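Dear colleague,

I am passing on a structure that you have not worked with before, and I would be glad if you kept it open while reading the notes below.

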Amino acid sequence: MAILEVSHLEKHFGSTAVLNDISFSLEQGQALSIIGASGSGKTTLLRCLNFLEKPDGGTISVGGSTIFNAADSQAAYEKDIRTKRLHFGLVFQNFNLFPQYTALQNVTLARELMSKETGESKNEIEEAGRELLAQMGLADRVNHYPHQLSGGQQQRVAIARALALHPDILCFDEPTSALDPELTGEVLRVIRTLAEKRTTMIIVTHEMAFARDVADQLIFMDGGVIVEQGDPHQVIDHPRMERTRQFLAHYSEN
């Protein structure tokens, strides 16, 4: 059974269709890369999955349970919305760390806020946070504030923060777009390691070679629709659709 099923998802801003009949599925442990030009709907798709935007049509199911149905009322959409969001972890382009908190505090804050429900102690939460930061290569940066960290280090803190709540699906929205080229590699290495550990992921990226090599499947979006999807090597190296070929040719020129 697929861990994620997206069926006929629609999103409009005014008269503009930003997502049009988006359907795909993702198996447990798979990584999905999504590529496409700016404005093609990639970020809006992630925001809809993370309940930061409400779709206008379609359904979203996780683990066989429907968590969004456009036919439901607004009240049904808002019911247990925090629980629905916990199925997904989102790593933003620009880190979105709290500047007044240390790396460790950024990672543990959400779990501490939930501790009354989960019964976790502060020590347990902090230990788990330290372990996650160590996995990101940041064991010696736990007490540093964001302004004391490089962009690559901040993004790795953001990844640890997203992982801290044990999401079913980890989403990346252009995770290297705000980084200098020399810092991009360290973030991509972390994501590659997560893929090797069979972390279920959706990765919106402009790194074409990375998208091809790290993912189990790939989607090319344009104008709010899925133009082509399938095996990453096939889509990037031997695209079937003319629009995909045009995009990749333009991208290689730049």
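Which helix and which strand each supply at least two residues of the lining of the second largest pocket? In this predicted model, they are helix H6 (122-135) and strand E7. The largest share of that lining, 4 residues, comes from H6, and the pocket itself holds about 250 Å³ of space. Among its 17 lining residues, Leu132, Gln135, Leu163, Ala164 and His166 are the closest to the centre, and by class the lining divides into 8 nonpolar, 5 polar and 4 charged residues.

Strand E7 also belongs to an open sheet of 6 strands, which has the order E6-E7-E8-E3-E9-E10 and mixed pairing. Strands E6 (88-91) and E10 (225-230) stand at the edges with a single partner strand each, so one side of each has no neighbour in the sheet. From one strand to the next, the twist averages 20°. Within the sheet, E3 (residues 31-35) and E9 (residues 217-222) run parallel and are joined by 4 bridges, with Leu32 standing opposite Gln217 in E9. Helix H7 (residues 151-163) packs on the sheet, where it touches E6 and E7 (169-173), and its direction makes about 170° with that of E6.

With best wishes

Technical notes. Residues numbered from 1 in each chain as written. Predicted model: local features only at pLDDT ≥ 70, side-chain atom pairs only at ≥ 80, totals over all residues. Heavy atoms only, no water. Pairing = 2+ DSSP bridges. Axes fitted to C-alpha atoms, helices over the stretch in contact; angles between N-to-C directions. Contact = heavy atoms within 4.5 Å. 1 Å grid on protein atoms, 1.4 Å probe; cavity = no way out; pocket = protein on both sides within 12 Å on 5 of 7 lines; lining within 4 Å. Points joined across faces, edges and corners; volume = space filled by probe spheres on them. Nonpolar A, V, L, I, M, F, W, Y, C, P; charged D, E, K, R; others polar.
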